[in-house]
Amino acid sequence: MSPSVPLQEMIRAIRSARTQCEERGVIQRECAAIRAQFRQADNGGRSHNLAKLLYVHMLGYPAHFGQMECVRMIASPRYSEKRVGYLGAMMLLDEKQDASLLITNSIKNDLAHSNQYVQSLALCTLACMGSAEMCRDLAPEIDRLLRASNSYIKKKAALCAVHIVRKVHELGELFAPAARSLLSEKNHGVLHGAVVLIIELCERNPETLERFRKTVPDLVQIMKGLVLSGYSPEHDVAGISDPFLQVRILRLLRILGRNNEGASDAMNDLLAQVATNTDSTKTVGNAVLYETVLTVLDIKSESGLRVLAVNILGRFLLNNDRNIRYIAMTSLQKIVGTDHNAVQRHRGTIVDCLKDQDASVKRRALELSLALVSASNIRSMMKELLLFLSSCPPELRAHAASGIFNAAERYAPSQRWHIDTMLHVLITAGGDVRDETVPNLIQLITNASELHCYTVHKLYRALLADISQQSLVQVACWCIGEYGDLLLRGDCQETEPVQVTEDDALDALETVLQSHMSSPATRGFALTATMKLSTRITDNVDRIRSIVSIYGSCIDVELQQRAVEYNALFKKYDHMRYAMKNYGRIRVTFTEPRFEYMCSHCLLLPLSVGGLKVCDLLDLLGGSEETLQPSPAFGGTAPGPSVNTAGGDLLDLLGGLELTPLAPGVTLRVTHTHTHTTDPVPVYDKGGVTLTLSCEKQSDTGLTVTLTASNATDSDISSFTLQAAVPKSVQLHMKAPSGDSLPARGTAKVTQMVVLNNPNKVNLKMRVRVSYTRLGSAFQDTVQIDSFPGLDAAGR
Amino acid sequence: MIRFLLLFSRQGKLRLQKWFTAISEREKKKIIRDMTTMVLARQPRTCNFLHWKDLKIIYKRYASLYFCLAIENQENELIALEVIHRYVELLDKYFGNVCELDIIFNFEKAYFILDEFLIGGEIQETSKQIVNRAIEASDMLQEGDSSEWFEVELFG
């Protein structure tokens, strides 16, 4: 070993620098000296200078000015200079540098050198940084060396050929024959190189793969020799003879046996032998076993062998060495789809690995456990998974939660179990679940109608315990708002009864509203729920009003808008609040609070435009709220289209409302009945003469109108006549009046009956001409009657 | 195939780097930073395998040095651990009870030993003795560096 003193001096100097600045100073001085030396003619210390430069390069400083020096040193006849020159080439000259081409010629010369160590340098460098052009140039040389040289060179040439094939795929054909013949060598290094080369050739070219299948018997022979041979000092590692070569051959066998029955059969016995004979107490043995298992599972092996392989993996799972457990689970993950039953047998061990200390092992165990969940083991697996969720590292929480949800959705044995599980996850890891979980859970709860009481009680309790998990709080608020009546009723078969007063429920919601932990979305949920409760409770409506009005001046714009509109519902349209109660049912499939809110928005808009009819209709519902209690048919079908815009869909909303079958106990507010005459209505009053009108509906189209005239003046009226005119399609028949004189001061009246028939049901109007004589003067006047008492505006 | 091999101290100082694919300088620096951060952050009793991009990272600590190997996804991790161990054994045989300082002050020797063990990202020689003999012979050649060449034959 020749100590390069200048180099070591420099290293010592650099290491003794106390600060980064000092180190930089030392290095700058050295680099300057090195550059000066490079420019000089050949001196004895060239290799030392380059070595110094390489050290500086490894510290991270620029060293590109040494590239040309590398080229020069490679061309030097001295071995020491060549050695460092080639090392420099591998470190500074990768194929992206232009200078790399300059060494092609040197390499070519050195490949043909008489000294094998020089040849070895060239081969090593070519295999490390040879570009595609260099490879093409030098491929024939490599092929020559593959065939005729000593084993020291052959093994290096083989790996150099591997590099060439990786760079220039077409050259694979060139090396195939040489590779074939190398398999008959005895030297392990050469064999290893040959196997690597064949693997590379087969992976790139399927035809080559076909041709090399014929080598399977030879490979089996070689493996047998390795496995069954006695102790060989050259290649022994902890009792295994040349594990590196064994692993390589197993890998090649895997590639050759894939999708091929014949080849797989030929290697069956060998694989069984390796699997059973290999000592598994040390890592080396396990490495070989691992490769064997991978091969067995990848080729077309018989079932007995597959079971053996999976059992080896099962044994690995129990191994003390963490690495072994980790790779066992990685392998099991790959085959859980195809050999599901075999892997299920080891489920217990896998679930135990969920409690392992190592995060990578935990992650693998989680993925594998999720893959092993099935309908038969869902309950026990879920117990374990939920236990894991409560103690798992934070980076795995989201994955675990979503995995649990998927599993629960696919295999839930009952709705109650499903809801319980989802609630448990929200309580444990509510912060890590995905956004669509909340609407999904709400949908699930809505559909499980017989569990509403149980669910709302459970959620209420959870809300009391903890309001920090936003998803849980949102679902709980929604449930309290929707099923608040069930909560307040107090009795529930599924859980212990607890007395919840209206104040308690409102307290809970108010806590959520005021808490700094609640997100704006959560607050929205709570506010809407509070509003909904106003129709389900009786005593505390004022409290709700005050809560809602407070939020009318909230900083959050969304919340403020909601509060203001809810407030409006209280003030102007109190009767409509009851309709809000049914928002829960007239709902979109994805129960988002926004849509609930939009329903109220929709109802408020047309009201302000003055649709009185709307009010009346809803009035009906408000009055008859008892009939709209939760009934399964109504609640489950959730009619109504999605509410996206305000106006047009409103009528659809109402259409949904209208479809409600009204119970017989409802009385309509409209007071018109068929059988009695309406009270007389004054239609004309001028100059002391008044005319009143009363109607009597005779049939659907027939109407009898009675006109009564009276005289409030001091003088008598004579020749009092009435003439009537009606729209064209209406038939008129005037009966004889009772008289034609009206004495003064209304002592007597004149009545006249007019029979009308309105078959076309047009808007009924009547024009009446009044003519009379009084104090010697004639009077005439006309009055138009547009509305008749007892009929609606349309005259029907 | 092995993509790269890194040796670094517990403070993250690089002691050896071998790259078996063509990568730009900037990319190399980034990879070194990533590797040192990832490996140094690992807890003591965790498994020696990591996933990084599309590669598997195998690392092992020997005294004050971390040996870090990156292999392709279809390679055998346990054998990679053996590769690291074999390299450490070779260094140990050569330097006699190797320590970090040996590798710092004789870094070029460490490279030469590595080049007798691995080529192009693959193992070239599975026998410890043959590798040792080859290095000794090369060193002798270097020492007797004059116009005359020593012919040293190895019987394969």
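Analyst: Let's begin with surface: accessible areas come from the Shrake-Rupley method with a 1.4 Å probe. Keep in mind that this is a predicted model. For chain B, the exposed surface comes to about 6,500 Å², and carbon and sulfur atoms supply 51% of that.

User: Can you show me one residue? Is Glu108(B) buried or exposed?

Analyst: Glu108(B) has a relative accessible area of 8%, so it counts as buried. You'll find Glu108(B) in helix 4 of chain B. Now look at Leu16(B): 92 residues separate it from Glu108(B) in sequence, yet their C-alpha atoms are 9.4 Å apart in space.

User: How many helices and strands does chain B have?

Analyst: Chain B has five helices and seven strands. Their order along the sequence is β-β-α-β-β-β-α-α-α-β-β-α. For contacts in chain B with a separation of 6 or more, 46% join residues 24 or more positions apart.

User: Now the two chains. How do I read the size of an interface?

Analyst: Interface size is often given as the accessible area lost when the parts come together. Between chain B and chain A, about 6,600 Å² is buried, with carbon and sulfur atoms giving 55% of it. Chain B brings 71 residues to the contact and chain A brings 72.

User: How many salt bridges cross the interface of chain B and chain A?

Analyst: For a salt bridge, look for a side-chain nitrogen of Lys or Arg within 4 Å of a carboxyl oxygen of Asp or Glu. The rule finds eight across this interface. Among them, Arg83(A) pairs with Asp139(B) at 3.0 Å, N to O.

User: Which element of chain B gives the largest share of the side that touches chain A?

Analyst: That's helix 5 of chain B, with 12 residues. Other elements giving two or more residues include helix 1 (25-40) and helix 2 (77-95). Sorted by class, the side of chain B that touches chain A has 31 nonpolar, 24 charged and 16 polar residues.

Note on methods. Residues numbered from 1 in each chain as written. Chains lettered and ligands numbered in written order. Predicted model: local features only at pLDDT ≥ 70, side-chain atom pairs only at ≥ 80, totals over all residues. Heavy atoms only, no water. Helix = DSSP H or I, 4+ residues; strand = E, 2+ residues; numbered from the N terminus. Contact = heavy atoms within 4.5 Å. Buried area = accessible area lost by both parts, 1.4 Å probe. Nonpolar A, V, L, I, M, F, W, Y, C, P; charged D, E, K, R; others polar. Buried < 20%, exposed > 50% of the residue type's maximum accessible area, 1.4 Å probe, protein only.
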